[in-house]
Amino acid sequence: MPELPEVETSRRGIEPHLVGNIISYAIVRNGRLRWPVSEQIERLSDELVLSVQRRAKYLLIELTKGWIIVHLGMSGSIRILTEELPEEKHDHVDLIMKDGKVLRYTDPRRFGAWLWCDDLETSSVLAHLGPEPLSDEFNAEYLFELAAKRKTAIKPWLMDNKIVVGVGNIYANEALFAAKISPEKITNTLTLVDATELVTQIKKVLQRSIEQGGTTLKDFLQSDGKPGYFAQELFVYGKKGEPCSICGTPIETIKQGQRSTFFCRQCQK
């Protein structure tokens with residue numbers, strides 16, 4: 001599933017080709033995604049793109065009359081084509097631009113979304129989201145105060161978008177390892193020192209991943225193929241049984257909330 005850094009990379013990749021450009025019309029080949037593609041998108045005509053933003057893992061395309069909200073789901077991707085090319089089986093939505101470029105959305109599992117919203121303040125899919133992890137709003141005091149009110153394992157708690165958006169399974173594993181905090185640690189035992197280090201490491205892990213993604217921006221302007229996401233520099237995720245890069249202890253894995261958790265029992269107390 002594309003995570004926050006991949007979605008941010010996608011945003012940066014399409015932004016220069018969309019902003020200031022005009023959507024001549026949209027082609028919706030299969031509107032049966034996670035939710036039906038909004039009728040307003042199917043009826044788009046001569047709409048100026050004002051900005052391309054991101055909230056959590058949603059791409060927000062601002063037009064003069066409203067917003068297109070795009071979620072890539074489990075298997076979705078977007079790319080810019082320099083011309084209209086024959087569609088393939090899983091190419092569900094195209095935005096045909098005035099200058100001849102095409103924004104193409106591909107999604108084999110069709111679990112993504114293309115929704116219309118007149119005003120983001122009224123969007124049900126954006127309501128109740130926590131702060132952005134790279135924002136000043138997400139800080140040690142905020143995390144410490146929320147953690148003190150709960151009594152649950154910290155790793156699945158971190159993945160709750162009501163707490164903070166975009167800390168998916170990979171990044172929760174990696175940030176907890178970097179902060180030397182056990183994924184099994186109970187939230188209300190988190191100290192302010194712990195919270196300070198954890199917030200710092202979450203920001204570092206995500207920022208590093210976004211910077212790595214910058215090397216793939218060229219992939220968003222191509223005539224064929226798919227945009228390839230970047231190779232992760234991972235320390236524990238997916239490394240069950242491999243020696244910890246810090247102490248050499250084999251990396252362990254457990255299930256938490258039906259997701260695999262990877263950690264070093266020696267380094268993460």
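Trainee: What share of the contacts in the protein chain with a separation of 6 or more comes from residues 24 or more positions apart?

Mentor: A contact means heavy atoms within 4.5 Å. Here, residues 24 or more positions apart account for 66% of those contacts with a separation of 6 or more. Keep in mind that this is a predicted model: local features need pLDDT of at least 70, side-chain atom pairs count only at pLDDT 80 or more, and totals for chains, interfaces and linings use all residues. Residues are numbered from 1 along each chain as its sequence is written, and side-chain values use heavy atoms, with hydrogens and water left out.

Trainee: How many helices and strands does the protein chain have?

Mentor: Both are DSSP runs, numbered from the N terminus: helices are H or I with at least four residues, strands are E with at least two. The protein chain has six helices and 10 strands.

Trainee: Where does Thr187 sit?

Mentor: Thr187 lies in the loop between α5 (169–178) and α6 (192–213).

Trainee: Is Thr187 buried or exposed?

Mentor: Buried means under 20% relative accessible area, exposed over 50%, partly exposed in between (1.4 Å probe, protein chains only). Thr187 has 0% relative accessibility, so it counts as buried. Across the protein chain, 50% of the 269 residues count as buried.

Trainee: Which residues is Thr187 in contact with, leaving aside its neighbours within four places in sequence?

Mentor: They are Ala147, Arg150, Lys151, Thr152, Ala153, Ile154 and Trp157. With Arg150, the side chain of Thr187 reaches the backbone oxygen at 2.8 Å.

Note on methods
A polar contact is a pair of N or O atoms within 3.5 Å; within protein, one must be able to donate a hydrogen and the other to accept it, and residues adjacent in sequence count only if both atoms are side-chain atoms.
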